[in-house]
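Here are a few exercises to work through with the model open beside you. Try each task before reading its solution.

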Amino acid sequence: MTADLVKIWRQAYEIVPEQLARVSSVKQVATAFNTNIDAVTKISGAELSKLAQLTGLTSINDNSGVNIVNTPQDAVRGMVKCFVGGIAEEWLCENKNVDDWLQKNLRRGHLQMGGQAGIIANVLSVLGVQRIYTHAASLPQMQAKLFLNTDNLFAFDEKNNIGKAHNINRKNDEPLIHRIIEFDAGDFLFFNNQKYVCPKSNRFIATYDPANMSLKIDEGFVKHINSCGFDFMFLSGFHNLTAKHGGVQKINDIVPLVQHWKSTNPAGIIHLELASTQDKTIRREIIDKIAPVVDSVGLNEREALDTLEIIAPDIFASVNTKNPDAATLLGILPILRQKLQTPRIQLHFYGTYLTLQNKDFILSPEQNKRGMMLAATVATAKAKSGNIDKENLLQAHGGNIGSAAIKNMEILAIALQKPDFAAAGIAEYQGFDLTAVPTVLVDKPRTLVGMGDTISSVSLIGAV
Ligand code: GLC
């Protein structure tokens with residue numbers, strides 16, 4: 001059966017180049033709010049052991065519940081947690097000295113576009129969307145040069161004038177650099193004479209970024225969107241807020257703006273990318289106030305569990321949060337959709353993307369399926385080569401669908417009690433349309449940061 005399924009899905013994926021060609025029909029996309037610079041460093045288990053020693057970390061089991069970087073040891077605690085668990089987290093850092101310490105003690109990172117708004121803008125410009133407008137809290141030359149040098153990608157200067165994003169230089173703006181620490185599956189860490197193997201390639205992010213942490217608004221962007229509108233808008237960056245520093249008020253201030261954008265662009269689709277939000281008050285605010293005013297929400301399995309923790313703590317307590325399988329994630333999807341009050345929700349996890357949406361959603365399940373296959377192809381290219389450009393966009397096309405991915409489709413079919421689902425990837429589920437695709441799996445990804453943003457945005461834009 002598995003071999004048959006591989007063949008069926010390989011055939012289904014043949015549509016991908018045709019689907020890519022459709023993206024150039026998309027006229028205007030807006031991406032907001034967070035654009036930053038990522039300094040990406042790969043760390044080995046051996047290097048991590050040394051940092052643990054250097055900062056005096058005494059335990060590998062982190063039960064502190066404090067997911068914030070106040071000291072170098074906190075940063076190392078976060079790295080160790082993500083390494084040992086094979087998980088992705090982002091912790092905010094409010095202390096410039098700790099950021100300086102990280103800069104000094106980590107190997108020099110490679111700089112690349114960071115933040116959902118920036119990453120999605122670059123991806124969509126390669127895919128051929130006609131015009132993309134990006135929000136940037138800060139846009140010095142160092143940041144601007146990370147926007148691809150393409151004519152369809154726009155941002156705003158200090159006088160709020162629109163220009164090619166790559167060429168803007170707001171001279172008084174500070175570069176906002178996030179430390180991305182990546183590690184490889186199979187690498188190991190010795191700690192107190194015990195060996196811990198990293199189960200899954202992943203990353204930890206330590207973010208010191210005063211502008212995005214206070215959701216500084218780019219007036220040029222807001223004015224432009226208010227007058228020109230959009231077909232699709234991708235929102236994110238709320239995860240950088242903290243309750244301690246007025247995050248709740250910031251969200252209260254933003255909600256009417258998003259509602260305004262929605263009411264003035266009734267045919268436009270607004271997507272929220274949830275992102276790893278450690279501050280639980282802010283997480284609840286995003287769930288209660290932002291999610292209900294958008295059309296679509298994207299998240300990975302950790303973010304799904306983080307959301308479940310807030311909206312249904314009793315169910316959260318009963319699931320295997322360390323290693324949830326496809327059936328568990330399928331089970332929580334309708335709960336998330338209902339509590340987030342969103343017409344469409346897309347969950348991605350290792351080997352599989354799942355979309356659950358209202359029956360009258362403007363994009364059909366078939367369209368979703370095609371968009372998700374395009375997204376899987378593009379995301380694989382990104383994982384393999386570290387970035388994407390016009391030349392490598394389809395390099396993973398025709399690649400092997402992973403057996404773990406096919407297995408997930410079988411698990412989902414059993415959970416749904418619909419045997420055909422494993423091959424079709426489309427079914428009705430609790431009164432909604434469910435779509436799933438198995439993806440190509442990359443053994444040794446060059447990078448993983450920004451994968452979720454790529455998957456969510458290409459799945460949606462690629463569904464046209
Ligand atoms: C978060 C991080 C940012 C990173 C992005 C990737 O927004 O703050 O540094 O580029 O996630 O998804």
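Buried means under 20% relative accessible area, exposed means over 50%, and partly exposed covers what lies in between. Keep in mind that this is a predicted model.

**Exercise 1.** Describe the surroundings of the ligand, from its closest residues to its overall cover.

*Solution.* First, the shell: 16 residues surround the ligand, and the closest are Asp38, Glu90, Gln116, His178 and Asp453. By type, the shell residues divide into four nonpolar, nine polar and three charged. Second, look at distances to oxygen atoms of the ligand. A side-chain N or O atom of Asp38 is 2.5 Å from one, the corresponding value for His178 is 2.8 Å, and a polar side-chain atom of Asn34 lies at 3.3 Å. Third, the cover: on its own the ligand has 310 Å² of accessible area, and the protein covers 97% of it. To finish, the elements that give two or more residues to the shell are strand E2 (36-42), helix H6 (116-127), strand E9 (177-183) and strand E12 (202-207).

**Exercise 2.** Find the salt-bridge partner of Lys42 and say where both residues lie.

*Solution.* Side chains of opposite charge can pair when their charged atoms come close. Here Lys42 forms a salt bridge with Asp184, with 2.9 Å between the closest N and O atoms. Lys42 belongs to strand E2 and Asp184 to the loop between E9 and E10, so the pair links distant parts of the chain, 142 residues apart. For accessibility, Lys42 is partly exposed at 28%, and Asp184 is partly exposed at 22%.

**Exercise 3.** Classify both residues of the salt bridge between Glu89 and Lys81 as buried or partly exposed.

*Solution.* The N to O distance in this bridge is 3.2 Å. Glu89 has a relative accessible area of 6%, so this residue is buried. Lys81 reaches 25%, so this one counts as partly exposed. To close, here is the overall tally: the count of salt bridges comes to 17.

Methods:
Residues numbered from 1 in each chain as written. Predicted model: local features only at pLDDT ≥ 70, side-chain atom pairs only at ≥ 80, totals over all residues. Heavy atoms only, no water. Near = heavy atom within 4 Å. Polar contact = N/O pair within 3.5 Å; in protein donor to acceptor, adjacent residues only side chain to side chain. Areas by Shrake-Rupley, 256 points an atom, 1.4 Å probe, with all protein chains shown as cover. Helix = DSSP H or I, 4+ residues; strand = E, 2+ residues; numbered from the N terminus. Nonpolar A, V, L, I, M, F, W, Y, C, P; charged D, E, K, R; others polar. Salt bridge = Lys/Arg side-chain N within 4 Å of Asp/Glu carboxyl O. Buried < 20%, exposed > 50% of the residue type's maximum accessible area, 1.4 Å probe, protein only.
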